[in-house]
Amino acid sequence: MAASCDQRKPGLKIWPKVILFGDSITQYAFNDGGWGAALQELLQRKCDIICRGFSGYNTTWANMIQPQVINKENASDVVLVIIFFGANDSSLKEENPQQHVPLETYKNNLRDMVHYLLGQGIGPEKIILITPPPLDEAEWGKVCKEKGLKLNRLNAVTGQYAKMCCEVAVEKQTSCVDLYTYMQNEKDWRKFLSDGLHLSREGSQFLARCLSPIAQDKTDHLPFIFPHWDSIDTSKPEKSLLYPHN
């Protein structure tokens, strides 16, 4: 038994990390059929997907907590950061002043978030911005009415925030998933929303299909962690499992 333990020379194996940073749509990314779960399936045995979603948050609050989510203590192992905010920022000021963030402030907040990541050694090639999805006003209006509220978001306004997100991606040379546009290019896009605002299972899977090729491309260089079972040397498994390998 002692000899077997002595063979365990390598230290803890560190998995590269993909960080999802966003609002409730990110917080729910690992719900049944969620886009985060789909991403984890795509990158299994290559990366850990770290979900940092904060329901109700806007970019102003996200900016404040970002250094507690990603900093130089954990940034060295980060291969991808996905930033997904805007659904709350785009709330109408007169109906939802607590979550509303002015359009230009939203754009500057996204700039600041990307700039911060660059300062942590995470280059633009490792950053993906996702625009807020479109809003189904009829369905979200029902949710608001049930709470005794007026409709507090408009699809056209959400589109303005989506445009700003795309502009920041171009300016900062990051990747971008224009979910607002991609969804509305589909004939029956409202099925992608569970309540008019948040993603349904189908919507989550649609996002995963949009996001996966980009994530795949950005992680293709990463090795499969630990060898496939049928390539392990059964006579001397330590050669395959305890010493440096790809």
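Which residues does C51 touch, not counting residues up to four places away in sequence? The residues concerned are L20, T26, Q27, A29 and F30, where a contact means heavy atoms within 4.5 Å. C51 lies in strand β2, residues 48-53; helices (H or I, at least four residues) and strands (E, at least two) are DSSP runs numbered from the N terminus. Between C51 and Q27 there are 24 residues in sequence and 6.9 Å in space, C-alpha to C-alpha. C51 has a relative accessible area of 24% and is therefore partly exposed, the class between buried (under 20%) and exposed (over 50%), with a 1.4 Å probe and protein chains only.

The structure is a predicted model, in which local features need pLDDT of at least 70 and side-chain atom pairs count only at pLDDT 80 or more, while totals for chains, interfaces and linings use all residues. Residues are numbered from 1 along each chain as its sequence is written, and side-chain values use heavy atoms, with hydrogens and water left out. The mean pLDDT (the predictor's confidence in each residue, from 0 to 100) is 93 for the protein chain, and 93% of its residues reach 70 or more. Residues 1-6 have a pLDDT below 50, and this stretch makes zero contacts in the model beyond near neighbours in sequence.

The protein chain contains ten helices and five strands. Its C-alpha trace spans about 70 × 35 × 30 Å along the principal axes. Of the 246 residues, 49% are buried. Among contacts between residues at least 6 apart in sequence, 76% join residues at least 24 apart.

In soluble globular proteins, nonpolar side chains tend to be buried together. A nonpolar core is here a set of buried Ala, Val, Leu, Ile, Met, Phe, Trp, Tyr and Cys residues joined through side-chain atoms within 4.5 Å. The largest such core has 35 residues, of which V18, W35, L39, I82 and I130 touch the most other members. Elements that each supply at least two residues of this core include β1 (17-22), α3 (35-42), β3 (78-84) and α9 (201-219). The most is given by α9, with six residues. A second, separate core of 28 residues includes V69, V78, V101 and Y161.

I130 touches I82, I83, F84, F85, C165, V177, L179, L207 and L211, when residues up to four places away in sequence are not counted.
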